[in-house]
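Here is a walk through one protein model, helix by helix and then residue by residue. Keep the viewer open as you read.

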Amino acid sequence: MAQFLLTVLQVLLALTFWIGIGSGSSNHYNAGDHVPLFVNKVGPLHNPSETYQYYDLPFCRRGPVIEKQETLGEVLNGDRLMSSLYKLKFREDKTHFVLCRKRLTSSDIARFRDIIAQDYYFQMYYDDLPLWGFVGKVEGDYFGQGEKHTKYYIFSHLKFNVLYNADKVIEINSFSDPSYMVDISENTEIDVQFTYSVSWNLTSERSETRMNKYSRASFHPISQKIHFFSFLNSITVVVLLIGLISFLFMRHLKNELRSYSIGDEEERKEAGWKLVHSDVFRCPRNISWLCAILGTGTQLLILIIALFALAFTGFLYPYNRGMLLTSLVIMYTLTSIVAGYTSTSFHSQFEGNKQKRSVRLAGILYPVPFFIILSVLNTVAITYGATAALPFGTIVIIILIFTLLNIPFLMLGGVLGNRFGLLEFQPPSAVKRNPREIPPQNWYRRKLYQVFLGGFVPFSAVVLEWHQLYASLWGFKIYTSPGIMLFTFIVLIFLSSSVGIILTYIQLSGEDHEWWWRSILCGGFTAVFMYGYGVLFYLRSDMTGFLQLSFYLGYTALLCYALFLVLGTISFLASLMFIRHIYRSVKLE
C-alpha cells in the first residue's frame, strides 16, 4: 500500500508541475511595446472575501470592456481581470497624462464616500505583477463651530514606478499622489480630471527573483519572532510527550509484557488490556463509514504532502494567480483513486463483501458538505454581486470534473483495492461471538475527557503557527515559510499519533475494547479546537459584514473538517499498529 501511495504521489506531482509550466514564462518587450495593464477588483481592506469588479465603481471607462481569459483557479479565486484605459508602454515615461475627464453625479459622490469610509482598495496586474492602491482617504474628524465634520477625498492622480532589466519587466509600484485630491464631502456634482504618470528605471535584479519582493514582509522581525516562538512551543510539547512515553508508558507496558511471559495466571489477569484480547479485533460498528473516513483522510493527507512538495519546488509562490486552486482541483481529482483504494483495502480485511458501499461513502464524505457550503456561499455572493460568485459556466465545469473524472478515479481505486489491496487480517487471538461487557470506567477513561485531551495536546503545540496561517488566509500577510509549516505539520502528525496510542492504551487498560471510533475522534478533535480558535480570530479581527462572516465560517469549516479526517486517520492507523504489536507480542510470548 505504501508503494502504491508513493507512485500516485509521484505521478500527481509530475502532472501538476507539467500543467503549470506554461504559466510561469516571462514576456520579452522592445522599447515602445504596449504592455497591457489589467484592472482586477476592488474591496474593503479588512474583508478579503468581499471583492467586486473594478468597474462596479464609477471609474474611468470608455467603450466596451474586454475581459481577460482566465483559468479555473483564477475564477475560483475571485479574479476578474479587464482591460483599462492606462497605457504603460515599455520604457516610455509619461507625466500627468490625462486618463479621462469625468463628471461625478450626486449618486457617484455618495458611492465614493461610502467606499472611502470602508478603506476600499483596488488591485491591478501589469505583466502578471500585482499592484494595489487606495481609492481615497478620510481626513480625521475635527470640531468646527461646535459640529463634527469629516472630509472625504478621492485620489485623482496615480503614479506608476516600473523597474526593468533588459527586455523584461521586473517590478511595478503604484502611488496615489496626495497632492492631487478632490474634495467630495458635499453632495454637489463635480468635474474631476483623472491623470497618471509613469517612470521607468533600470535595475540589476533578475526576472527569476521578481516575485521575491512580495515575500519580504514575512521576514519582518515580528513575524520571524512569532515563527521562532512557535518552533520552541512545538519542541517543548514534543519533548514533554516523548518523556511521558519513554519513562511512564513504555516502561509500564514492558513490565506488563514481561510479567505476562514469566508470571502465573493471577499476574496475567492484572493488566486489563490483556483481558479483552478476544474483543479488541472485533469488527467495528458502521465499518463502511469507518473505511470511508480512512480512505478520504488518506486522500487528503496525500494532497497536503503534494502541496508541500510543490511549495518547496517553487511551483507555488505568492500571487501566482489561481495556481494554488488549480493545483488543488487537479490533485483532489487524481487522488480520488487513493480514497477508493484505501477504503476498499481496509473493508476487505474485515468483510469480504460490501466494499462498494465504502467506496460510495468515500465519494460523498467530503464532496457533499463541500458542495452544500459552496452553494450557500455562492448564493450569498450572487446576492451581494461579489466576484466570489461563480459564473454558471464554471459551475458546469466543476460538476463535469467531479462526474467525469473524480468518480471514475474513485471507482478505479476501489477495483484496485479489491484486487490488489491488503490481505484479510488474521488477529493474534480468536474473536468471541458475544462481546465482552465493558465495566464502569473512571472519569479519565471516559470518551469526553479522552477526546478533549486528544485534541488539546496537539493543538497547544501548533496554535501559534495556526494563528499565522489564519492571518495569511484571511488577511494580507503572505505566508512564505513552507519549512516552518512542514515542521509544524510533522509535529502535528507525531502528536496525534502519540496521543492516540496513549489514550487507546488507557482505554484498553480499563477493559473497554471499543477503541475504533474513539481513536478517530481523539485524533480529529484537534480540528475542533482549530475551528474554535478561528471563531476567536474572527472576533478579534476587523472583518465585518454578513458576506465576510459567511465566507469565513464556511471555508474555515471546510478546512478544519479536512484536517479532522486527516488527523483522525493518522490517530487510527497509529493505534491500530500499536494494538497489533502488543497483542502479537503477547501471543508470541
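How many residues does helix α7 have, and how far does it reach from its first C-alpha to its last? Helix α7 covers residues 287-312, which gives it 26 residues, and it reaches 38 Å, close to the 38 Å expected at 1.5 Å a residue. Bear in mind that this is a predicted model.

**The whole protein**

Let's step back for a moment. The protein has 589 residues, and buried ones make up 51% of them. Its secondary structure comes to 16 helices and 13 strands. If you take the contacts between residues at least 6 apart in sequence, 80% of them join residues at least 24 apart.

Just after the helix ends, G314 takes a positive phi of about 85 degrees.

| Helix pair | Axes come within | Crossing angle |
|---|---|---|
| α7 and α9 (residues 336-350) | 7 Å | roughly 145 degrees |
| α7 and α15 (residues 516-540) | 11 Å | roughly 35 degrees |

Take the α9 pair to begin with. Here α7 passes α9 in a right-handed crossing. On the α7 side, the contact is made by I287, S288, C291, A292, L294, G295, T296, T298, Q299 and I302. From α9 come S336, V338, A339, T342, S343, F346, H347 and F350. Sort the residues of this contact by type and you get nine nonpolar, nine polar and no charged.

Now the α15 pair. This time α7 passes its partner in a left-handed crossing. The contact is made by W289, L290 and I293 of α7 together with W516, W517 and I520 of α15. That contact divides into six nonpolar residues, no polar and no charged.

Helix α10 (residues 355-364) belongs in this part of the picture too. Its buried residues pack against α7 and α9, and also against α11 (367-384) and α12 (392-420). Those buried in α10 are Q355, S358, V359, L361, A362 and G363.

Q507 sits in helix α14 (residues 482-509). With a relative accessibility of 2%, Q507 falls under the 20% cut-off, so it counts as buried.

Apart from residues up to four places away in sequence, Q450 touches Y444, R445, L503, I506, Q507, R518 and C522. Along the chain Q450 and R518 are 68 residues apart, yet their C-alpha atoms are separated by 8.5 Å.

**Some spots among the strands**

N165 lies in strand β10 (residues 157-165). At 24% relative accessibility, this residue counts as partly exposed. Setting aside neighbours within four places in sequence, N165 is in contact with I170 and with L202, T203, S204, E205 and R206.

Next, a look at backbone angles. Most residues other than glycine have a negative phi. H96, in strand β5 (residues 94-104), has a positive phi near 50 degrees without being a glycine. Is H96 buried or partly exposed? At 37% relative accessibility, H96 counts as partly exposed.

D128 is another non-glycine residue with a positive phi, of about 65 degrees. You'll find D128 in the loop between β6 (120-126) and β7 (129-134). D128 is partly exposed as well, with a relative accessible area of 34%.

**A motif from the record**

Finally, an annotation. UniProt places a short sequence motif, "Endoplasmic reticulum export signal", at residues 578-583. In the model, the chain over residues 578-583 is 100% helix and 0% strand, with the end C-alpha atoms 9 Å apart.

Note on methods: Residues numbered from 1 in each chain as written. Predicted model: local features only at pLDDT ≥ 70, side-chain atom pairs only at ≥ 80, totals over all residues. Heavy atoms only, no water. Helix = DSSP H or I, 4+ residues; strand = E, 2+ residues; numbered from the N terminus. Expected span 1.5 Å × (residues − 1). Axes fitted to C-alpha atoms, helices over the stretch in contact; angles between N-to-C directions. Left-handed = near helix turned anticlockwise from the far one by under 90°. Contact = heavy atoms within 4.5 Å. Nonpolar A, V, L, I, M, F, W, Y, C, P; charged D, E, K, R; others polar. UniProt positions renumbered as here; feature names shortened; annotations may be inferred. Buried < 20%, exposed > 50% of the residue type's maximum accessible area, 1.4 Å probe, protein only.
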